Amino acid sequence: MPEVPHNAGYMAAAYIVTAVILLGYAFSLYRRSTRR
Amino acid sequence: MSLLHKGRWLTLVGLALLAGVYMRALAFTPVERLQGPAQKIYYLHVPAAIWAEMAMVLVGLASVFYLFLKDPRLDRFAAASAEVGTVFAAIVLTTGPLWGKPIWGTWWTWDARLTSTLLLFFLYIGYLLLRDAVRDPALGARYAAVLGICGMFLVPFIHLSVYLFRTLHPQPIVLKPSAPSLPGSMLETWLFSLGVFTLLYVGFVSQRYALSLLREHEDHA
């Protein structure tokens, strides 16, 4: 049976990038609403 | 409770549930044997892609009705949906190469699916720039509506591109005419993630819509 590929680093990077984009946008909306 | 606060709460709940998606996907969903852990990018990449495309369809539909009815709520919604769609498209275009590199051996290839998704992202950017570039808001809204309608027609092409052209990108394994070919636990994680991305879309759009409304009131004051 073939060995499972070792590529968890790519997965971790994708999960981190997604969290940064979503949290960054949520924070940007919050900042824009509180600056008024 | 105002729309802004409702949107903020929905976003907070969505972000909390996103942590649940991460936990379920990383700790409680099996690793796919052939692709390894990188396959788990699927649980973020595909829901983000669905909402990047759905957001453009909604921009297009709101734009069609705006051109006929001239209701500013439709234009406001289209602008909000376009901004949120840009965020989801950015997720698709960053998680895609991170998945492609270990599986295909390359970060990027100019095949029909990837190129048309990049075009969708540029259409979103163009749409947002166009709105700001035109001084007369009513004229800017009309120009943007035309671009939004063009963007809407790109979406079916993106979805069908993997059937129409020979591409590296795989064909859908859930959104297809036959039954999903994804094992039960993986499908449950994916559906959970799709639900959370849906909630985030609604939360983000509500906040962005309310911000436009506030800005308009300030401009008129």
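A crossing of two helices is called left-handed if the near helix is turned anticlockwise from the far one by less than a right angle. In this predicted model, that is how α2(B) and α5(B) cross. Helix α2 of chain B covers residues 42-69 and helix α5 of chain B covers residues 137-164, and the two pack at an angle of about 140° with their axes 7 Å apart. Roughly antiparallel starts over 145 degrees, so α2(B) counts as oblique to α5(B).

Sorted by class, the contact of α2(B) with α5(B) has 13 nonpolar, four polar and two charged residues.

Next comes the largest nonpolar core, which holds 64 residues. Within this core, A48(B), A52(B), A55(B), A78(B) and F88(B) touch the most other members. Helix α1 of chain A supplies at least two residues, and so does each of α1, α2, α3, α4, α5 and α6 of chain B. The largest share, 15 residues, comes from α3(B). As for A55(B), setting aside neighbours within four places in sequence, its contacts are S81(B), V84(B), G85(B), F88(B) and Y201(B).

Finally, there is the contact between the two chains. Chain A puts in 21 residues and chain B puts in 29. On the chain A side, 15 of the residues touching chain B are nonpolar, four are polar and two are charged.

Methods:
Residues are numbered from 1 along each chain as its sequence is written. Chains are lettered from A and ligands numbered from 1 in the order in which they are written. This is a predicted model: local features need pLDDT of at least 70, side-chain atom pairs count only at pLDDT 80 or more; totals for chains, interfaces and linings use all residues. Two residues are in contact if their C-beta atoms, placed from the backbone, lie within 7 Å. Ala, Val, Leu, Ile, Met, Phe, Trp, Tyr, Cys and Pro count as nonpolar, Asp, Glu, Lys and Arg as charged, and the others, Gly among them, as polar. Axes are lines fitted to C-alpha atoms, for helices over the stretch in contact, and angles run from 0 to 180 degrees between N-to-C directions. Helices (H or I, at least four residues) and strands (E, at least two) are DSSP runs, numbered from the N terminus. Angles under 35 degrees count as roughly parallel, over 145 as roughly antiparallel, 65 to 115 as roughly perpendicular and the rest as oblique. A nonpolar core is a set of buried Ala, Val, Leu, Ile, Met, Phe, Trp, Tyr and Cys residues joined through C-beta atoms within 7 Å. A residue is buried if 20 or more other C-beta atoms lie within 10 Å of its own, exposed if 12 or fewer, and partly exposed in between; C-beta atoms are placed from the backbone.
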